[in-house]
Amino acid sequence: MNRKGMLIAGAIVVVLLVGVVAYNLLLREPAAADGPIQAIPLGTQAPVAQPTAAPAAAAPTAAPAEAAAPTAAASPAAGGELRFQIVPDQSEVRFKLSEVLRGQPTNVVGKSNQVAGQLAVLPDDLSKVQVGTIQINARTLETDSTQRNRAIRNFILNTDSYEFITFKPTAISGLSGKAALGQEYSFDIAGDLTIRDVTKPVVFKATVKPEAADKLSGSASTVIKRADYNLSIPNVPFVANVGDDVTLEIDFVAAPVS
């Protein structure tokens, strides 16, 4: 084989090796979720701190009798505390970021309903609300592209080794007074967000609304920096300018803990 032929053969080998590595890192079939997500019971977690002087939340001035503090279908705990947990089938978590895909600006959205967590409410004193650890099964996040999904799971989030993204609240601010059905309450939840093996403090802006005695609905969002969590993007020719800001959102429905 002449020198030119050897160079061509060598180039082919290199291309094949790169293809194998790319497949193993990015496009191989990632591990599936181990099972439906389960909430970590609040009783196994330390209480979340409340500030000594939380901003007052105005209560409705003319609430009808039936719009008083909600009483869940489940039996309240000692002291009138009501415990709820997120209903995955009625909830959704999302991440959003921007990228340039094949020369076109694109907004990437990943979604999953595999989110779990519990919260405890004392209807007569909202300053004593507790929010437990929130878990998301990262293996179930889906975008509009199968190839992107595999790259996210295999390379960016390494979900074979780190199945769950977790948020552990450390403080809640902005809640006080009594709860009333149909009233929406806004507050902040500070805590520690863990993605893969990196944990950073974040603050979620949240709202919650007691829809009925046995139903809470709400949402929360925050913005994190991709670089803070060492979330590197694969170097592929058709993807460029991936944004560093990642918006995290949750819309949830919670029902009484049975």
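Biologist: How many salt bridges does the structure hold?
Modeller: There are 15 salt bridges in the structure. A salt bridge here is a side-chain nitrogen of Lys or Arg within 4 Å of a carboxyl oxygen of Asp or Glu. This is a predicted model, where local features need pLDDT of at least 70, side-chain atom pairs count only at pLDDT 80 or more, and totals for chains, interfaces and linings use all residues. Residues are numbered from 1 along each chain as its sequence is written, and side-chain values use heavy atoms, with hydrogens and water left out.

Biologist: Why would such side chains pair?
Modeller: Side chains of opposite charge can pair when their charged atoms come close.

Biologist: OK, what does arginine 148 form a salt bridge with?
Modeller: Its partner is aspartate 144, with the closest N and O atoms 2.6 Å apart.

Biologist: And is arginine 148 buried or exposed?
Modeller: Arginine 148 is buried, at 15% relative accessibility. Aspartate 144 is exposed, with a relative accessible area of 71%. Buried means under 20% relative accessible area, exposed over 50%, and partly exposed in between (1.4 Å probe, protein chains only).

Biologist: Which residues are linked in a network of salt bridges?
Modeller: Glu92, Arg94, Lys96, Glu249 and Asp251. Glutamate 92 is partly exposed at 27% relative accessible area, whereas arginine 94 is buried at 14%.

Biologist: What about aspartate 188 and lysine 205, what do their side chains meet in?
Modeller: A salt bridge, at 3.2 Å from N to O. That pair links distant parts of the chain, 17 residues apart: aspartate 188 sits in strand S9 (residues 185-195) and lysine 205 in strand S10 (residues 198-212). Strands (E, at least two residues) are DSSP runs, numbered from the N terminus. Aspartate 188 is partly exposed at 21% relative accessibility, and lysine 205 is exposed at 54%.

Biologist: Changing topic. Which way do the residues of strand S7 point?
Modeller: In S7 (residues 134-137), Ile134 and Ile136 point one way and Gln135 and Asn137 the other, and all are buried.

Biologist: Which strand does S7 join by 4 bridges?
Modeller: Strand S8 (residues 164-173), and the two run antiparallel. Isoleucine 136 stands opposite isoleucine 165 there. S7 also pairs with strand S4 (residues 115-116), again in the antiparallel sense, over 2 bridges; pairing requires that DSSP finds at least two bridges between the strands. On that side, alanine 116 is opposite glutamine 135.
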